[in-house]
Amino acid sequence: VVEDYLTVAGEAFDSAGTSASAATMQRFSTAFTAVEDQLPAVGDALETHAAALAAAVGDQRGRASRTLVLTGVCAALLLLAGCWLISYGINHTLAAVGRVTRALAAGDLSVTAGVPDRDELGQMAGDLDAATGSLRTTIDRMSDLVSTLSAAATELSGVSGELHAGAADAFILSEGDRIGFRTLADGRKVRFFKSNKEVVDA
């Protein structure tokens with residue numbers, strides 16, 4: 001109806017002052033009357049359309065609000081998960097370092113932290129493992145050296161005993177006198193002189 005009205009109105013404007021203007025004006029009047037008759041229906045249709053648009057906007061606003069709330073909840077959960085992971089990593093590294101320090105205090109050098117992380121705490125744990133390994137190597141070398149020295153001391157003691165036993169049966173010549181030595185059962189020495197004199201060392 002509106003389209004017909006607009007078409008007839010254009011024709012009436014174009015034919016103004018011509019012989020066809022009267023007929024065109026009659027058609028324009030008829031079209032205008034039809035539009036007037038349809039105005040309540042058009043108003044109702046516009047009102048219905050406006051209500052539908054308002055409902056659609058409300059639905060979109062609700063969906064947007066729900067999406068925003070869901071996004072906020074997900075972000076909060078991700079933040080909590082990240083904080084938990086960071087806290088777990090720190091506590092795990094500190095627990096490993098504490099385990100190594102307690103073992104060191106107890107004299108056990110075999111315990112290591114074994115932290116693979118390369119952050120500041122992970123580097124500290126790695127340096128502690130390196131220091132423990134270096135100390136363990138030094139102590140192992142010292143133990144080997146002590147074993148070597150002990151074996152050498154045992155060997156020297158045996159040589160000294162052999163020299164002592166040989167000296168007990170030796171004879172010393174001095175200014176024409178022959179002096180002999182022998183060892184008693186209790187370990188004391190007896191000196192013999194050419195004049196058959198015996199002197200027992202205290």
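**Close-up views of a predicted model**

**Figure 1. Overall surface and fold of the chain in the predicted model.** The accessible surface of the chain amounts to about 15,200 Å², and carbon and sulfur atoms contribute 63% of that area. The chain holds three helices and four strands, and from the N terminus on these elements follow the order α-α-α-β-β-β-β. Of the 202 residues in the chain, 14% count as buried. Where contacts join residues at least 6 apart in sequence, 25% of them link residues that are at least 24 apart.

**Figure 2. A nonpolar surface patch that includes V69.** The side chains shown are those of V69, V73, L77 and L80, which form a nonpolar patch on the surface and together have about 390 Å² of accessible area. V69 has its place in helix α2, which spans residues 21-105. With a relative accessible area of 55%, V69 is classed as exposed, because this value lies over the 50% cut-off.

**Figure 3. The stacked aromatic pair of W84 and Y88.** W84 counts as exposed at 54% relative accessibility, whereas Y88, at 48%, counts as partly exposed.

Figure 4. T132 is located in helix α3, which comprises residues 120-168. When residues up to four places away in sequence are left aside, T132 touches V100, L104, L109 and V111.

**Figure 5. Views of the cysteines C74 and C83.** C74 is partly exposed, with a relative accessible area of 37%, and C83 likewise counts as partly exposed, at 43% relative accessibility. The count of disulfides comes to zero, by the rule that a pair of cysteine sulfur atoms must lie within 2.5 Å.

Terms used
Residues numbered from 1 in each chain as written. Predicted model: local features only at pLDDT ≥ 70, side-chain atom pairs only at ≥ 80, totals over all residues. Heavy atoms only, no water. Helix = DSSP H or I, 4+ residues; strand = E, 2+ residues; numbered from the N terminus. Buried < 20%, exposed > 50% of the residue type's maximum accessible area, 1.4 Å probe, protein only. Contact = heavy atoms within 4.5 Å. Areas by Shrake-Rupley, 256 points an atom, 1.4 Å probe, with all protein chains shown as cover. Patch = residues over 30% accessible without salt bridge, like charges linked within 9 Å, V, L, I, M, F, W, Y side chains within 5 Å. Salt bridge = Lys/Arg side-chain N within 4 Å of Asp/Glu carboxyl O. Phe/Tyr/Trp six-rings, centres within 6.5 Å; stacked < 30°, edge-to-face > 60°.
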